[in-house]
Amino acid sequence: MEIGEKLRNLRVQKNLTQEELGERTDLTKGYISQLERDLSSPSMETFFNILEVLGITPEQFFSEQTLEQKIIYRGEDSTLYYDEENGYELKWLIPESNEKEMEPIVLTFDKDGQYKTFEPSLSETFIYVIDGSVSLILGETTYSAKKGEAMYYQAAEPHQLINHSKGKSRVLIVATESYL
């Protein structure tokens, strides 16, 4: 097994430089580089310390499953939530998406449905209208989009999405800084 390559991939996933990992583990950048190129082998104590900083257990590190990332998510992987009072259904397409950079959902509105009002955040949000039409109230301004149109915005002001159609509407939403 190529331990160095796996350590490097984990470090990159955690968005750490070799120098930052070295600082957090009391190792030098050069030593981290040697480990990642399999030119040196760490002691067990050093290895466990590196794994702790990278947020992974030894069992997870050596598990074959950590080598594979899930690429395809099927319908049965999704999670549904229906809010009858506000007239919408949320479908989380990726089960663990709130732990990732982006959170994709499909939001289906009943007639007169509306999604909750969100406080300002650091999120960037993309909305694609699959069916119907929706209105986005962003701060003091209202924007409307219909089937086939998209919206993209910084969520720096209070905002709310409302069904603008006479029937059902359906949108794909992808947000960063998970807050959905």
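**Exercise 1. Which side chain meets D110 in a salt bridge, and what is the N to O distance?**

Solution. Start with the source: this is a predicted model.
Step 1. The partner is K168, and the N to O distance is 3.7 Å. The cut-off for a salt bridge is within 4 Å.
Step 2. K168 lies in the loop between β8 (159–163) and β9 (169–176), and D110 in the loop between β3 (102–109) and β4 (124–131), so the pair ties together parts that are 58 residues apart in sequence.
Step 3. Check the surface. K168 has a relative accessible area of 57%. Exposed means over 50%, so K168 is exposed.

**Exercise 2. Find the salt bridge between R11 and E36, then decide: are these residues buried or exposed?**

Solution. 
Step 1. The side chains of R11 and E36 meet at 2.5 Å, N to O.
Step 2. Buried means under 20% relative accessible area. R11 has 8%, so R11 is buried. E36 has 10%, so E36 is buried too.

**Exercise 3. Work out which residues are linked with R170 in a network of salt bridges.**

Solution. 
Step 1. Take the pair R170 and D131. Their side chains form a salt bridge of 2.9 Å, N to O.
Step 2. R170 belongs to strand β9 and D131 to strand β4; the two are 39 residues apart, and the pair links distant parts of the chain.
Step 3. R170 has 33% relative accessibility and counts as partly exposed. D131, with 27%, is partly exposed as well.
Step 4. The network links D131, K147 and R170.

**Exercise 4. Describe the fold and the overall form of the chain.**

Solution. 
Step 1. Count the elements: 5 helices and 9 strands.
Step 2. Read their order along the sequence: α-α-α-α-α-β-β-β-β-β-β-β-β-β.
Step 3. Compare the radius of gyration. The chain has 22 Å, whereas a compact globule of 180 residues would have a value near 16 Å.
Step 4. Look at the box. The C-alpha atoms fill roughly 65 × 35 × 25 Å along the principal axes.
Step 5. Buried residues make up 36% of the 180 residues. Among contacts with a separation of 6 or more, 59% join residues 24 or more positions apart.

**Exercise 5. How many positive and negative side chains does the chain have?**

Solution. 
Step 1. There are 18 positive and 32 negative side chains.
Step 2. The centres of the two sets lie 7 Å apart.

Notes
Residues are numbered from 1 along each chain as its sequence is written. This is a predicted model: local features need pLDDT of at least 70, side-chain atom pairs count only at pLDDT 80 or more; totals for chains, interfaces and linings use all residues. Side-chain values use heavy atoms; hydrogens and water are left out. Helices (H or I, at least four residues) and strands (E, at least two) are DSSP runs, numbered from the N terminus. The radius of gyration is taken over C-alpha atoms; the globule rule is 2.2 Å times the number of residues to the power 0.38. Buried means under 20% relative accessible area, exposed over 50%, partly exposed in between (1.4 Å probe, protein chains only). Contact means heavy atoms within 4.5 Å. Lys and Arg count as positive and Asp and Glu as negative; His and the chain ends are not counted. The place of a charge is taken as NZ of Lys, CZ of Arg, CG of Asp or CD of Glu.
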